[in-house]
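Visitor: Please show me the model. I would like to ask about it piece by piece.

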Amino acid sequence: MKTALTIVFILVCIITILLVLCQEAKDNGLGSLAGSPAGETYWSKNKGHDKKVVATIFCVILFLGLALLISSKWMN
């Protein structure tokens with residue numbers, strides 16, 4: 001059981017990495033450290049989620065759940 005969960009965990013990790021790399025940047029990276037224009041908050045930039053963002057959020061939640069499940073004491 002633990003081996004199967006570990007394999008699924010590794011696949012979720014790879015899929016999450018690929019999804020993050022496929023997304024477009026929404027800011028200037030380190031150039032935005034000096035300050036961002038007024039009105040550009042996290043929520044204003046991310047109002048319309050596309051399918052890649054939703055899939056990334058789902059994979060991250062699945063990643064965290066599997067990590068907790070694999071590391072729990074009752075799985076040993």
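Visitor: Is Thr 56 buried or exposed?
Guide: The model is predicted, so local features need pLDDT of at least 70, side-chain atom pairs count only at pLDDT 80 or more, and totals for chains, interfaces and linings use all residues. Residues are numbered from 1 along each chain as its sequence is written, and side-chain values use heavy atoms, with hydrogens and water left out. Buried means under 20% relative accessible area, exposed over 50%, and partly exposed in between (1.4 Å probe, protein chains only). Thr 56 has 10% relative accessibility, so Thr 56 counts as buried.

Visitor: Which helix holds Thr 56?
Guide: Helices are DSSP runs of H or I with at least four residues, strands are runs of E with at least two, and both are numbered from the N terminus. By that numbering, Thr 56 sits in helix H3.

Visitor: Which residues is Thr 56 in contact with, leaving aside its neighbours within four places in sequence?
Guide: Contact means heavy atoms within 4.5 Å. Thr 56 and Leu 19 are 37 residues apart in sequence, yet 6.0 Å apart in space, C-alpha to C-alpha. With neighbours within four places set aside, the contacts of Thr 56 are Leu 19, Val 20 and Gln 23.

Visitor: Is Thr 16 buried or exposed?
Guide: Thr 16 lies in helix H1. Beyond its neighbours within four places in sequence, Thr 16 is in contact with Cys 59 and Val 60. Its relative accessible area is 14%, so Thr 16 is buried.

Visitor: Is Phe 58 buried or exposed?
Guide: Phe 58 belongs to helix H3. Phe 58 and Thr 16 are 42 residues apart in sequence and 9.1 Å apart in space, C-alpha to C-alpha. At 54% relative accessibility, Phe 58 counts as exposed.

Visitor: How many helices does the protein chain have?
Guide: Along the sequence, the pattern reads α-α-α. Strands number 0 in the protein chain, and helices number 3.

Visitor: At what angle do the axes of H1 and H3 cross?
Guide: Two packed helices are described by the angle between their axes and the distance between the axes. Axes are lines fitted to C-alpha atoms, for helices over the stretch in contact, and angles run from 0 to 180 degrees between N-to-C directions. The axes of H1 and H3 come within 9 Å, and they cross at roughly 150 degrees.

Visitor: Why is H1 described as roughly antiparallel to H3?
Guide: Angles under 35 degrees count as roughly parallel, over 145 as roughly antiparallel, 65 to 115 as roughly perpendicular and the rest as oblique. The axes of H1 and H3 cross at roughly 150 degrees. H1 is therefore roughly antiparallel to H3.

Visitor: How many nonpolar residues are in the contact of H1 with H3?
Guide: Among the residues making this contact are Thr 16 of H1 and Thr 56 of H3. Ala, Val, Leu, Ile, Met, Phe, Trp, Tyr, Cys and Pro count as nonpolar, Asp, Glu, Lys and Arg as charged, and the others, Gly among them, as polar. By class, the contact has 3 polar and 2 charged residues, and the nonpolar ones number 18.

Visitor: Which residues form the largest nonpolar core?
Guide: A nonpolar core is a set of buried Ala, Val, Leu, Ile, Met, Phe, Trp, Tyr and Cys residues joined through side-chain atoms within 4.5 Å. The largest one has 5 residues: Leu 5, Phe 9, Val 12, Leu 66 and Ile 70.

Visitor: Which helix gives the most to this core?
Guide: Helix H1 (2-22) and helix H3 (51-71) each supply at least two residues of the core. With 3 residues, the top contributor is H1.
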